[in-house]
Amino acid sequence: MGIVAGLDSSPDFTRIVVCDADTGAVLRQGYAPHPLDPVEGGGRPSDVDPQAWLLSLGEAAAGGLLEGVQAIGVSAQQNALVPLDGQGNTVRPALVGGDKRAQSAAADLIDRFGSREAWADAVGSVPQAAHPVTKLRWLARTEPENAQRVALLLQAHDWLVWQLLGRPARRTTDRGGASGSGYWSAAAGSWRPDLVELALGRQAMLPEVLGPGDAAGTTPEGLIISAGTGETMAAAFGLGVMAGDAVVSLGASGSVMAVHHEALTDSSGAITSLADATGMHLPVVHTSNAVRALRGTAGMLGLDGGLEELSELAMKSTAGAHGLVLLPYLEGEKTPNLPHTAGTLSGLRRESMRPEHLARASFEGMVCGLADAMDVLRGRGVEIRRVFLLGAAAELHAVQAVAPMLFGVQVVVPQPADYAAIGAARQAAWALKGQLPQWQGAAAQVFEPGEEAAVGQAVRQQYRAVREQIHPGAFS
């Protein structure tokens, strides 16, 4: 028996789980928010001193939480660029999140490299404001003096691993984190230093990319630190997803990712080709609209009870919502690529103009939009036999009723937990034991499409017909 820990440094907090290395059973937990300055007007800061992550980590680990731990894995927010100088000090605060300041830099990179297709072929993704390569370009254009001081590029989990090891000469990352940088190719498994030079104007050092079960090093006290990875990859590993599984995340926006045996390149940029934490790949498709469609409908209907009341109301309707179809493109859409469109409510007849039918149409529209994203992956040969549904909205009765029949496969709703921290702990157990730990899967509710599968296909056909009428050729 061994004891391992996984820490998840998200944009807002650090959570630590201490687990039995053999079974994955959670023994104890710790939590602390990041000490971040408030942003005028709300929201999250775009510039963060990485020391805030360390302070949060120390607070979360207080009280002897890590006593007896033999190995630690680190999961951290993705897309954070930590630029360091030749002495290993931060040149400026880390650039984090979907930094809107970098939007024009993304367009600049696409133009400088030739096309969206060229980027997709090179690194499996097209530059967006969130990508480290785009933030690097913004830095070069906006803060040239700081850009000249940059000697080494790390991301959040790389920097935390390095700090835990005492800032050794060796700097490391993993395939998962590297694949989201915009200058590492998941298909080739190698850095693209030419893209760093394109963005920064010159070369910078990049960390060594470790294998999934490798250790980044050992502390003087003998504590093993595993390779670490990004939050998305750690969460998938913590859930125990395998080939044939997809993970659908229900936030304001949505995403569908699936485990696949090879990296996918997509010239349209619809698929972001990431690597996972096991040596496989995680192609991801994003939608701009998911739960925001539900919240919009609840507000439109004046429901004080929010999404729970909307769900109860939707269950008073029937599949197909009496012909009412909501295309939930309320803030434009990424999949299909319709950035400037608006949502559409179709099929209004006297008998369909009832609150319960609109409520049902909002749930069906949201799930059909995500099913469209799933079909983008299926169209590239990704097999999907089971769907893990994540997010608070996954607990809603209407979501659990609609999702299996519209996805057409088994739907798993895991018990709420910090799966990124659990995935980091599982990676630590791998580094400790020298082999992939076979931990028990997450406790979950399981829903089968059953006899409703045919009904679900009819609802999806109704949705497709409206989508093609309003946006012909949107997926061509």
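**Figure 1. Aspartate 276 and its polar partners in the predicted model.** The side chains of aspartate 276 and threonine 278 are joined by a polar contact of 2.7 Å. All views here show a predicted model. Aspartate 276 itself sits in the loop between β18 (271-275) and β19 (281-287).

Figure 2. Aspartate 276 has a relative accessible area of 7%. The cut-off for buried is under 20%, so aspartate 276 counts as buried. Leaving aside residues up to four places away in sequence, aspartate 276 touches Arg175, Gly176, Met233, Val259, His281 and Leu282.

**Figure 3. Strand β2 between two antiparallel partners.** β2 covers residues 13-20. On one side, β2 pairs with β1 (residues 3-9) in the antiparallel sense, over seven bridges. On the other pairing, seven bridges join β2 to β3, again antiparallel. Threonine 14 of β2 takes part in both pairings. Serine 9 stands opposite threonine 14. In β3, alanine 32 is the bridge partner of threonine 14. β2 is mostly covered, with six of its eight residues buried.

**Figure 4. The hairpins on either end of β2.** Three residues make the link in the hairpin from β1 to β2. The hairpin of β2 and β3 has five residues between the strands. Glycine 24 lies in that turn and has a positive phi of about 85°.

**Figure 5. Helix α13, an enclosed helix.** α13 spans residues 397-407. Nine of its 11 residues are buried, so the helix is largely enclosed by the rest of the structure. The buried residues include Ala398, Val399, Gln400 and Val402. Ala403, Pro404, Met405, Leu406 and Phe407 are also buried. Just after α13 comes glycine 408, with a positive phi of about 75°.

**Figure 6. The largest cavity.** The model holds six cavities of 30 Å³ or more. The largest cavity has a volume of about 50 Å³. Its lining is made by Leu324, Val325, Leu326, Ala361, Glu364, Gly365, Cys368, Val459, Gln462 and Tyr463. Two or more lining residues come from each of β20 (325-327), α12 (355-378) and α15 (453-470). α12 gives the most, with four residues. By type, the lining of the largest cavity divides into seven nonpolar, two polar and one charged.

**Figure 7. The second largest pocket.** This pocket has a volume of about 790 Å³. Its lining takes in 36 residues. Gly238, Leu239, Gln440, Gly441 and Ala442 lie nearest the centre of the pocket. The elements giving two or more residues to the lining are β3 (26-33), α9 (231-239), β22 (386-390), α14 (419-433) and β24 (444-447). The lining of the second largest pocket divides into 22 nonpolar, 10 polar and four charged residues.

How values were computed: Residues are numbered from 1 along each chain as its sequence is written. This is a predicted model: local features need pLDDT of at least 70, side-chain atom pairs count only at pLDDT 80 or more; totals for chains, interfaces and linings use all residues. Side-chain values use heavy atoms; hydrogens and water are left out. Buried means under 20% relative accessible area, exposed over 50%, partly exposed in between (1.4 Å probe, protein chains only). A polar contact is a pair of N or O atoms within 3.5 Å; within protein, one must be able to donate a hydrogen and the other to accept it, and residues adjacent in sequence count only if both atoms are side-chain atoms. Contact means heavy atoms within 4.5 Å. On a 1 Å grid over the protein atoms alone, a cavity is a set of points where a 1.4 Å probe fits but cannot get out, and a pocket is an open set with protein on both sides within 12 Å along at least five of seven lines; lining residues have an atom within 4 Å of a point. Grid points are joined across faces, edges and corners, and a volume is the space filled by probe spheres set on the points. Ala, Val, Leu, Ile, Met, Phe, Trp, Tyr, Cys and Pro count as nonpolar, Asp, Glu, Lys and Arg as charged, and the others, Gly among them, as polar. Two strands pair if DSSP finds at least two bridges between them.
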